[in-house]
Amino acid sequence: MEAYDVFKDLAIIIVFAKFFGILARKLKAPQVVGEIVAGLLIGPSVLGLVQQTDFLIQMAEIGVLLLMFSAGLGTNLKELMKTGPIACLIACAGVFIPLMCGSLLYMVFYGFAPWGSEEFYKAVFVGVILTATSVSITVETLKEMGKLKGKVGTTILSAAIIDDVIGIIVLTFVIGFKNPDSNPGRVVLNTVLFFAFAIVAGFVIYKIFKKIDNRYPHTRRIPIIGLALCLSFAYIAEKYFGIADITGAYVAGIILCSVRDSNYIAEKMDINSYMLFGPVFFASIGLKTNLENTTADLLIFSACFVLVGLISKVIGCGLMARACGFRGHDTLKIGVGMMTRGEVALIVAQKGLSVGLLTSMYFTSVILLIIVSSICTPIILKVLYAKDSDVGDPGKGNLEDREAVS
């Protein structure tokens, strides 16, 4: 392959990813779904226009880091602290139940493996994929109905943020345990040490960054230094603690999320991600997905994976919401609102592929889960809200929002 062939590959990826991304958005589906489909079409499974290369793999890895950094920047720590205990309990249930159900599903299909074996960690990793929550579709739906600022909407939003944090920590442990040279005590110690380092170093970095931001507000040096911090933490996490690089990038985003120019940093990161690295990452998922290996068993597994992914979130989050004092349709709203999957599920799956805990054929299952959950969630939420007595009454249409304000 000639060195300049990468320019052709990138041009094809960008054009196809953006075209199908726009098409997906017009069809009320997440844009990432269109970009994944684009990767499938131009990849070896269909048209064969682009082949996976080391260069594209590295580009996709940068795309993952930028996505996780942006997710960290988007974290609202004040909101997180306000809704803390209840949202945290719901998030914990929303991680634990799908983790157990996903692991059990894999074992039912492929055999029950002994604790600590390679197959055991593969089963656990399938459960880890199901722990991720993406509430972008839920947020948009609640916003349209004027319910985003209500108690239910705020709880869903906060629980989803905590959900992803817990999911990343679980991912870190599973990848650490998978290493044959590691032992449980060392994995736990490394994880604790990394987060201790992140808290101490993060506090110092935040103070320094705050001074720089106050002195040079809204200047390009701010996002440039932010990007350097993201890459540095990703490197430190992997190199010195054996922690997933995406964890380091996510923590870097959280460190800067309370800086005055955090939105400005996120805006600049989004430009890089939107223009190049994001499309390459999501298209690479399609490139890796080998439809030639799709069998009847895999299709059955994928269907069960989708059902378990949806139902386990509704049960886990819904039951915990009920235990925390929510009643009636509100418990279902929280469960359904938490069942959407998106970028984080893909990022976790991508990480599993890179460390040998997942094979490319299972990307089909993950993609199906994202598509189905993105379609079902807004429909079910609207049905649940339509059953409330205040819907259709102009005087009560924004009852939740007024209660939240009061």
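**Note on salt bridges, cysteines and helix geometry**

1. Asp330 is partly exposed, with a relative accessible area of 22%, where buried stands for under 20% relative accessible area, exposed for over 50%, and partly exposed for what lies in between (1.4 Å probe, protein chains only). The model is predicted, with local features needing pLDDT of at least 70 and side-chain atom pairs counting only at pLDDT 80 or more, while totals for chains, interfaces and linings use all residues. Residues are numbered from 1 along each chain as its sequence is written, and side-chain values use heavy atoms, with hydrogens and water left out.

2. Asp330 meets Lys333 in a salt bridge, at 3.1 Å from N to O, the term standing for a side-chain nitrogen of Lys or Arg within 4 Å of a carboxyl oxygen of Asp or Glu. The two residues are 3 residues apart in helix 14 (residues 329–337), and are therefore separated by about one helical turn; helices here are DSSP runs of H or I with at least four residues, numbered from the N terminus.

3. By the salt-bridge rule the count comes to 4, and another of them joins Glu35 to Lys18, with the closest N and O atoms 3.3 Å apart. Glu35 belongs to helix 2 (residues 31–42) and Lys18 to helix 1 (residues 5–26), so this pair ties together parts that are 17 residues apart in sequence. Both ends count as buried, Glu35 at 4% relative accessibility and Lys18 at 15%.

4. Glu119 also forms a salt bridge, with Lys122, where the closest N and O atoms are 3.5 Å apart. This pair sits within helix 6 (residues 118–131), its members 3 residues apart, about one turn of the helix. Glu119 is partly exposed at 33% relative accessibility, and Lys122 is partly exposed at 21%.

5. Cys324 is partly exposed at 22% relative accessibility, and Cys101 is partly exposed at 30%.

6. Helix 12 (residues 262–288) deserves a look, as its 27 residues have end C-alpha atoms only 34 Å apart, short of the 39 Å that a straight helix would reach at 1.5 Å a residue; the expected span is 1.5 Å times one less than the number of residues. A kink of about 60° is centred on Tyr274 in this helix, the bend being the angle between axes fitted to the seven residues ending there and the seven starting there.

7. His218, in the loop between helix 9 (184–215) and helix 10 (221–241), has a phi near 55°, a positive value in a residue other than glycine. Most residues other than glycine have a negative phi.

8. Two further places concern packing and surface. Val95, in helix 5 (residues 84–110), is buried at 3% relative accessible area, and its C-alpha atom is separated by 7.9 Å from that of Gly316, although they are 221 residues apart along the chain. Leu319, located in helix 13 (residues 296–323), counts as exposed at 57% relative accessibility.
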